Amino acid sequence: MSTRLGHAPDDAAEAVFRAGLVDAGVLLETGVEGLYGHSAAYQQIVEALDAMVGRWAAELGATAVHFPPVVSRATFDDTNYLQSFPDLMGSVHVFRGDDRAHSELLRRVASGADWQSLLEPAEVVLASASCHPVYPLCTGRLPEGGRLFEIHGWCFRHEPSVDPARQQAFHMHEVVHVGTPESAERHRDQGLERGLAMLGDLGLEMASVAANDPFFGRLGTIMAEGQIEEALKLEGVTPICSVERPTAVMSANCHRDHFGLPFSIETADGSVAHSSCVAFGVDRIALALLHAHGLTPARWPAGVRARLWP
Ligand SMILES: [Zn+2]
């Protein structure tokens, strides 16, 4: 859920869509680009989408787990997120000083000086993806057939934008499989197909494309080329503000041994585990629905309402 689709030339259309959402009280501005509060009606859409993905996950027999929107720094380090997306991550900093340091802190706050440099990194960072906390749960030998998790929650990515579909703090809902190379690919492929069908049934015009993640820097260009070539990650896209540059609202990503290796996860027969996740960008789906069907969910097509609120 991280391609940089939707930037620049069409920003005007995105700004107009955002203004409509803000005027209608659906999005509540905070003074920071890409950071919003939500109305009750918006939250009901989010919850309906969570429930819909949850019904699919239950059908698959996934284990539902819940985690806070912060991740242990040690786990984060092992995900190698910094290798690919250092510019998107968010770190938590805390005050660990004594009385004297506190006086200095207050002096700096009062005088408008830089007080942040008195803080130190905490044991946690903001969650970049919902699935990261499940890998340490799998360390060791997997059961036959691997493991399947359902997990959703708040994620943070630092990419301020006027595009309402590019929020810094947003809701992601994932179904994650850890198993063999074959079962990981199968989960990605079946999940993509099912996800596209579920979202299509909500009246969204869906297509699937190879993901084009915004890997950082010079090394990133090479990684991005490899990603497209191997088509490890696919995205379900739908036009929100632009038909030419549709927005990724879900992804199906095979990580191979990217998590199996650092988290020491083995398949039942003792080889390095592979993993894949099918991720739904719940906020982007909610926005796509609001764009497609209007800002009043009570007036959405009956078939769409019946699927969301069965
Ligand atoms: Zn994931």
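A residue is called buried if 20 or more other C-beta atoms lie within 10 Å of its own, exposed if 12 or fewer do, and partly exposed in between, the C-beta atoms being placed from the backbone. By this criterion, 38% of the 310 residues of the protein count as buried. The structure is a predicted model, in which local features need pLDDT of at least 70 and side-chain atom pairs count only at pLDDT 80 or more, whereas totals for chains, interfaces and linings use all residues. Residues are numbered from 1 along each chain as its sequence is written.

The protein has 10 helices and 14 strands, which are DSSP runs (helices H or I, at least four residues; strands E, at least two) numbered from the N terminus. Helix H2 covers residues 40-60, and because its 21 residues at 1.5 Å each should span 30 Å, the distance of 30 Å between its end C-alpha atoms agrees with expectation; the expected span is 1.5 Å times one less than the number of residues. The buried residues of H2 include Tyr-42, Ile-45, Leu-49 and Met-52, and the helix is followed by Gly-61, whose phi is positive, near 85°.

An automatic or database domain assignment divides the protein into domain 1 (8-90 + 128-308) and domain 2 (93-127). Sixteen residues of domain 1 are in contact with five residues of domain 2, contact being defined as C-beta atoms, placed from the backbone, within 7 Å. On the side of domain 1 that touches domain 2, two or more residues each come from strand E4 (70-72), helix H3 (73-79) and strand E8 (147-156), with E8 giving the largest share, four residues.

How values were computed: Two residues are in contact if their C-beta atoms, placed from the backbone, lie within 7 Å.
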